[in-house]
Amino acid sequence: MSIDNTLSLIEAQLQDMQAAQWSGLRLLGISLLMALLLSGGMAIVLARRFIRPIYQMQAAARSFTQGDFARRTEVCQHDELGMLAHDIDELGEQLGQAKVEREAMQQRRQDFLSAVSHELRTPLTVLRGTLELMLSGIVKDPERQKTY
């Protein structure tokens, strides 16, 4: 075998190795691009999965500040966010019950004040009438004035 044949054989082997190297680099680049796209898609899906319940809990909390205690988070997850949503829902229930109790207490207070006012009005009216009668001088008999 001559040197030219050996050089051409080595050159052919080098070209085959370079072609294999470029093919491998292309495959690596495509794999990296696919991995980036796949991981980016998964990141978006996971971010939405975590952010959506937080927005729902925020909306429920804002409703509570406006007095709407019937609003619920509607989050059904079995993780920390789900536990927090459940606690917010329970808070809304307790705030709603407290509001109903407060309104009932205010109604009872109003009824009590109305009853006391009515009960005090009758004796005061009698006293006022008697004093007006005495001051007007209509009753002149000292015995009757003493009775009044």
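Reader: What makes leucine 81 buried or exposed?

Author: Quick background: this is a predicted model, where local features need pLDDT of at least 70 and side-chain atom pairs count only at pLDDT 80 or more, while totals for chains, interfaces and linings use all residues. Residues are numbered from 1 along each chain as its sequence is written, and side-chain values use heavy atoms, with hydrogens and water left out. Now the label: buried means under 20% relative accessible area, exposed over 50%, and partly exposed in between (1.4 Å probe, protein chains only). Leucine 81 has 17%, so it is buried.

Reader: And what does leucine 81 touch?

Author: Not counting residues up to four places away in sequence, leucine 81 touches Phe50, Pro53, Ile54 and Met57, where contact means heavy atoms within 4.5 Å.

Reader: Why is aspartate 79 called a cap?

Author: One of its side-chain oxygens lies 3.3 Å from the backbone nitrogen of leucine 81, at the N-terminal end of H2. A polar contact is a pair of N or O atoms within 3.5 Å, one able to donate a hydrogen and the other to accept it; residues adjacent in sequence count only if both atoms are side-chain atoms. The side chain of aspartate 79 also makes a polar contact of 3.0 Å with that of glutamine 77.

Reader: Where does glutamine 77 lie, and is it buried or exposed?

Author: Glutamine 77 is in the loop between H1 and H2. Its relative accessible area is 15%, so it's buried. Glutamate 74 is in the loop between these helices too, but at 65% glutamate 74 is exposed. Glutamate 74 also has a positive phi of about 60 degrees, although it is not a glycine.

Reader: What makes the pair of phenylalanine 64 and phenylalanine 69 tilted?

Author: Rings of Phe, Tyr and Trp (its six-membered ring) pair if their centres lie within 6.5 Å; planes under 30 degrees apart are stacked, over 60 edge-to-face, and the rest tilted. One aromatic pair comes out of that rule. The centres of phenylalanine 64 and phenylalanine 69 are 6.1 Å apart and their planes are at 40 degrees, so the pair is tilted. Phenylalanine 64 is buried at 9%, and phenylalanine 69 is buried at 17%.

Reader: Which residues make up the largest nonpolar core?

Author: Eight of them: Met57, Ala60, Phe64, Phe69, Val75, Leu81, Ala85 and Ile88. H1 and H2 are the elements that give two or more residues to this core. The term covers a set of buried Ala, Val, Leu, Ile, Met, Phe, Trp, Tyr and Cys residues joined through side-chain atoms within 4.5 Å. In soluble globular proteins, nonpolar side chains tend to be buried together.

Note on methods
Helices (H or I, at least four residues) and strands (E, at least two) are DSSP runs, numbered from the N terminus.
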